[in-house]
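Subject: Structure handover

Hello,

Here is the structure we talked about. Please look it over, then read the notes below.

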Amino acid sequence: MKARAIDVRQSIGRVLLSSIFIGGKKLFSKGHRIEGDDVRMLESEAMQDVWVAELEEGDIGEDDAVMQVASQIGNGSLEVRSATGGRANLFATEPCCVLVDSELLKQTNSTNALVIATSRNFSYARAGQRVSTVKSAPFAVTKRQLESLLSLVAEKGAVLQARPIRRPVVSVLYTDPVSGERASRLFGTIMGQRLERLGNLPGPALNSIEEETAIADALKRLLKSRPTVILVASTTSPAGPYDNVGRAMERVGCQIERFLAPVEPGTLLLLGYKDDVPILSAPGCFRSAKPNVLDLVLPPMLARYRLSSWDIASLGQGGLLD
C-alpha cells in the first residue's frame with residue numbers, strides 16, 4: 001500500500017488515509033470512501049488536497065484479508081462475522097469451552113500483518129459470545145504476508161477450538177469425616193451456583209463418610225450413571241493421592257493424573273480418570289463462589305476434553321486468582 005496526496009476533485013472513489021477534522025469536528029473517518037457529495041463538502045471547506053491510501057499490485061484489502069484468516073483459524077461451534085475497520089469476529093454458536101493453542105497464537109501474531117485476540121484457554125463461552133477477533137494492518141496486507149499466515153495455520157492446525165458443551169451430567173460426592181450430610185449442607189448451595197454459571201444444573205449427588213471403603217462404594221454408584229465428571233467435595237484437605245479420597249479413587253480403578261495445581265485458590269487439586277470419566281477433588285474450593293481452580297478446569301471437562309497433567313501445569317501463568 002502507498003499513501004499520496006491528490007487533488008480533492010480527483011478523489012472520488014478513493015479511500016481516506018486519515019480522518020478529516022474541520023473546526024474540531026470530525027467530518028470523515030479514516031477508511032471512508034469518498035463520494036461526489038463529499039468532494040463538494042470538502043471544496044466548501046476550502047480543502048484542495050486529501051491524503052488517500054492506494055493498494056498496490058500484490059496487496060489484499062483489509063476486509064478480505066481478515067475474513068480469509070478468520071475462516072481458517074478456528075473450528076468447532078463457531079460463526080465468523082465481518083466487522084468494520086478491517087476486523088472479523090468469531091462467535092460461539094452454542095455453550096462451549098474455548099481451547100487455544102497458545103504457541104501457534106504467538107506465531108501468528110508475529111507476522112506483523114494481522115493480529116488475533118482470543119478468549120482465555122479453557123474458558124467457558126455462552127452461545128453468541130465473541131471468542132476471538134482478527135484485526136488487519138490498516139487498509140491492506142501483502143499477498144505474501146497473508147499466504148504465509150494461512151500456510152502456518154494449515155500446517156499447525158487451528159489456533160482455537162470451540163468445543164461444545166452438550167447435556168453434561170455432573171455428579172457430586174459430598175464427604176466429611178463425621179457426616180456426608182454436613183458437607184452437603186456446607187457446599188450444596190455454592191455448588192449449584194457454580195454449575196449454574198456454567199449453564200448446567202447439578203446431577204446425581206451422594207453423601208459419604210470420609211473413609212476409603214465408603215467413598216469407593218459411593219464412587220462406584222455414581223459411575224454407573226456414566227456422568228461427564230464426578231466432583232468430590234470434601235471438608236478436609238488431602239495429604240496427597242494416598243489419603244482416603246485418593247486411595248478410594250484407585251480402589252475403583254481410577255488412574256491418578258495429577259496432584260497439585262499451580263492455582264491459588266485450588267492448589268491441592270487431585271485429578272484422576274476412571275476410563276474417560278474425570279474424578280476431581282479440590283478441597284476448600286467448594287466453600288466459596290469466588291473464582292478458583294474449579295472455574296478453570298470445569299469448562300474443558302464439561303466439554304469432554306481430557307485434561308492432562310501438562311494442561312494443569314500450564315495454568316500457572318494467571319493462576320493467582322485472588
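A disulfide here is a pair of cysteine sulfur atoms within 2.5 Å. The model is predicted, so local features need pLDDT of at least 70 and side-chain atom pairs count only at pLDDT 80 or more, while totals for chains, interfaces and linings use all residues. Residues are numbered from 1 along each chain as its sequence is written, and side-chain values use heavy atoms, with hydrogens and water left out.

Cysteines come first. The structure has zero disulfides. The closest cysteine sulfur to that of Cys 96 belongs to Cys 97, and at 7.4 Å it is too far for a bond. Cys 254 is in no disulfide either; its nearest cysteine sulfur, in Cys 285, is 18 Å away.

Now burial. Buried means under 20% relative accessible area, exposed means over 50%, and partly exposed lies in between (1.4 Å probe, protein chains only). Cys 96 is buried, at 0%. Cys 254 is buried too, at 7%.

Next, Gln 161. It sits in strand E15, residues 160-164. Strands (E, at least two residues) are DSSP runs, numbered from the N terminus. Gln 161 is partly exposed because its relative accessibility is 26%. Beyond its neighbours within four places in sequence, Gln 161 is in contact (heavy atoms within 4.5 Å) with Asn 75, Cys 97, Val 98 and Leu 99. Leu 99 is 62 residues away in sequence, yet the C-alpha atoms are 5.1 Å apart.

Last, Ser 119. Its loop runs between strand E11 (114-118) and strand E12 (123-125). Ser 119 is buried, at 16%. Setting aside neighbours within four places, Ser 119 touches Val 98, Val 100, Arg 130 and Val 131.

Best wishes

Terms used:
Helix = DSSP H or I, 4+ residues; strand = E, 2+ residues; numbered from the N terminus.
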